[in-house]
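Open the model in your viewer and keep the selection tool ready. The tour goes from one selection to the next.

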Amino acid sequence: AVVSTQSTGGKQLKKVPWQIIDPIISTLKYSLNDKAEDFVKLLTNVKQNKLFSSPNRENIVICLDSTVEFEHGQPDTLEYEEVTEYIYKFKHPGIRRCTQRGDCGFIRFIGTEMGVLKEGFYEKELDYQDRTDVHYHDIISSRDMCEYRVDTLTLPDGTELDTIRVLSRFHLELHIDFSYRGLHNWWEKWLPANTTSVYKDKRITYSVTDYMVAKKPTELD
């Protein structure tokens with residue numbers, strides 16, 4: 001783990017959900033690393049600090065509904081585009097009634113365009129106008145999302161446990177590096193050699209903290 005002391009320049013900290021911290025703490029019980037206990041204490045302190053983390057009641061877990069892959073142009077040319085869309089169906093608690101076509105939700109994407117990797121989130125209603133599977137409400141913000149995947153680990157003794165790979169990027173002050181680089185394959189350092197992993201599913205925790213504090217439900221027709 002890497003501890004960052006960079007200033008946020010007055011910007012609001014992006015809190016790490018307990019749904020991210022808890023599986024890591026549980027997995028570290030099987031660690032043979034002599035610093036694992038210190039790592040657990042650090043994670044526990046982060047969990048107990050409301051400035052750095054948010055409890056389960058403030059986060060909604062959204063599982064990946066479906067995946068769509070498409071491509072344009074000829075492979076091995078600069079015009080070639082390849083995109084994977086990750087479709088999440090999610091009705092924000094601020095939406096009491098909706099009569100639009102398809103399910104409420106949003107789409108994350110990753111792909112290449114003109115030879116450059118691109119990834120992001122469709123956050124304009126216009127991006128969804130021709131879709132029948134899912135539509136978008138602008139009350140949903142990518143700022144409130146933490147994307148991760150669940151992997152099933154198998155230890156050398158045959159023990160199986162689920163843990164996470166963090167896919168979102170966090171910019172936190174005085175905090176563990178919860179970035180893609182920091183925790184993508186974090187168990188390679190902390191768990192016994194020859195531990196294997198198998199993809200299980202992909203999820204997003206969506207923070208409704210601000211909504212719970214300040215927002216009132218609205219009706220969208």
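**A salt bridge between strands**

Select Asp162, which is partly exposed with a relative accessible area of 36% (buried means under 20%, exposed over 50%, partly exposed in between, with a 1.4 Å probe and protein chains only). This is a predicted model, where local features need pLDDT of at least 70, side-chain atom pairs count only at pLDDT 80 or more, and totals for chains, interfaces and linings use all residues. Residues are numbered from 1 along each chain as its sequence is written, and side-chain values use heavy atoms, with hydrogens and water left out.

Asp162 lies in strand β11 and Lys200 in strand β13, so the pair ties together parts that are 38 residues apart in sequence. Strands are DSSP runs (E, at least two residues), numbered from the N terminus.

Next, select strand β10, residues 145-154. Nine of its ten residues are buried, so the rest of the structure largely encloses β10. Ten bridges join β10 to β13, and the two run antiparallel (strands pair if DSSP finds at least two bridges between them).

Now pick Glu147 and Lys202, whose side chains meet in a salt bridge (3.3 Å, N to O). Glu147 lies in β10 and Lys202 in β13, so this pair ties together parts 55 residues apart in sequence. Glu147 is buried, at 5% relative accessible area, and Lys202 is buried at 11%.

Technical notes: Helix = DSSP H or I, 4+ residues; strand = E, 2+ residues; numbered from the N terminus. Salt bridge = Lys/Arg side-chain N within 4 Å of Asp/Glu carboxyl O.
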